[in-house]
Amino acid sequence: MNFFNIISQLAEVDSDVMGRLDSRRAVFSSLTTVGKRAGQAAVPALLASFFSKAYAGTTAGDPKEVFNYALTLELLEADFYKKVVASPLFLTATPADQAAVRQILKHENSHVALLQAVVSGIGGTPVTNITFKQATFNSLATFYGGGGSILGVAQLLEDTGVRAYKGRAGDLLGIGDVTIGGKVYNPLETALQIHSVEARHASHIRYMRQQSPWITGNGDLDGQPHYTGAIPESNVTQSGVNLIAANAITPGTTYTQAEAAASFDEPLTVAEVTDASRAGGLIGA
């Protein structure tokens, strides 16, 4: 895979891509416009082609079930951030962090509305009554801190959501376009649009916690159950390519195990995500 060609293609649809790749801070500062960027059809289409190659031969699943699964996660996140904004602990955050959380809440509400429309549009019944467990939220005593803080839980939620979308990408291959309200949607591209925004949420929350913007295996929360799965985060093989093997990507260049492992988030299965140790244990009255 020619990564320089990929960057070139991205530059054609996103003139700011080189600046954002060059500066992590620029990535975080673009959070307020990410919704608009994610709406550009060309980027999800490009990503969809990558997933098609990576998941070649995967049998298409039931889109109603897949999108209701995604809607469940989005409803959980939206309710969590709604509770955050209404909490007295929110007032202890910096103005910049308050603005970021409010922006993330807007994105989550938009995702919920879109997924509800998609599920209804393809003949399904959108799932309802998904809320973040109040007792769990009440146990959060600080805004900043480890896994028991608001931002700690936000990181676990966002990272889990990103990996959950990746885990279901293959189930949307081969499913044709659907028309909703006069607009045409491709199921895989729609999921990837949301996935890309969720990935930026995850990176920004980590930035707010002074963590690396991606899972490294050395973060303060990386020992949590949310980061374990059938495919561990220590995996160094992607699409059949061992990333630490000599000449695997660029002739004459090798990568360490840590570098290769940190380059990709690994997927989580439905059972792993809905387990009581992960998102399943956070849903409740």
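**Close-up 1. The largest nonpolar core and its most connected members.** Of the 51 residues in the largest nonpolar core of this predicted model, F80, Y81, V84, F132, F143 and I150 touch the most other members; such a core is a set of buried Ala, Val, Leu, Ile, Met, Phe, Trp, Tyr and Cys residues joined through side-chain atoms within 4.5 Å, and buried means under 20% relative accessible area with a 1.4 Å probe and protein chains only. Helix 6, helix 7, helix 9 (150-168), strand 1 (178-180) and helix 10 (187-208) each supply at least two residues of this core, and the most come from helix 6, which gives 12 residues. Helices (H or I, at least four residues) and strands (E, at least two) are DSSP runs numbered from the N terminus. The model is predicted, and local features need pLDDT of at least 70, side-chain atom pairs count only at pLDDT 80 or more, and totals for chains, interfaces and linings use all residues. Residues are numbered from 1 along each chain as its sequence is written, while side-chain values use heavy atoms, with hydrogens and water left out.

**Close-up 2. Surroundings of F143.** Not counting residues up to four places away in sequence, F143 touches V84, L89, F90, T92, A93, D97, V101, S149, I150 and L151, where contact means heavy atoms within 4.5 Å.

**Close-up 3. The aromatic pair of F80 and F132.** The structure holds six aromatic pairs, and one of them is formed by F80 and F132, tilted at 4.9 Å centre to centre with 55 degrees between the planes. Because F80 lies in helix 6 (residues 63-86) and F132 in the loop between helix 7 (95-121) and helix 8 (134-138), the pair ties together parts that are 52 residues apart in sequence. Rings of Phe, Tyr and Trp (its six-membered ring) pair if their centres lie within 6.5 Å, with planes under 30 degrees apart counted as stacked, over 60 as edge-to-face and the rest as tilted. Both F80 and F132 are buried, and together with Y81 and F137 they form one aromatic cluster.

Close-up 4. Helix 10 has 22 residues and reaches 32 Å from its first C-alpha to its last, close to the 32 Å expected at 1.5 Å a residue, the expected span being 1.5 Å times one less than the number of residues. Since 17 of these 22 residues are buried, helix 10 is largely enclosed by the rest of the structure. Following helix 10 is Q210, whose phi is positive, near 60 degrees.

Definitions and conventions: Buried means under 20% relative accessible area, exposed over 50%, partly exposed in between (1.4 Å probe, protein chains only).
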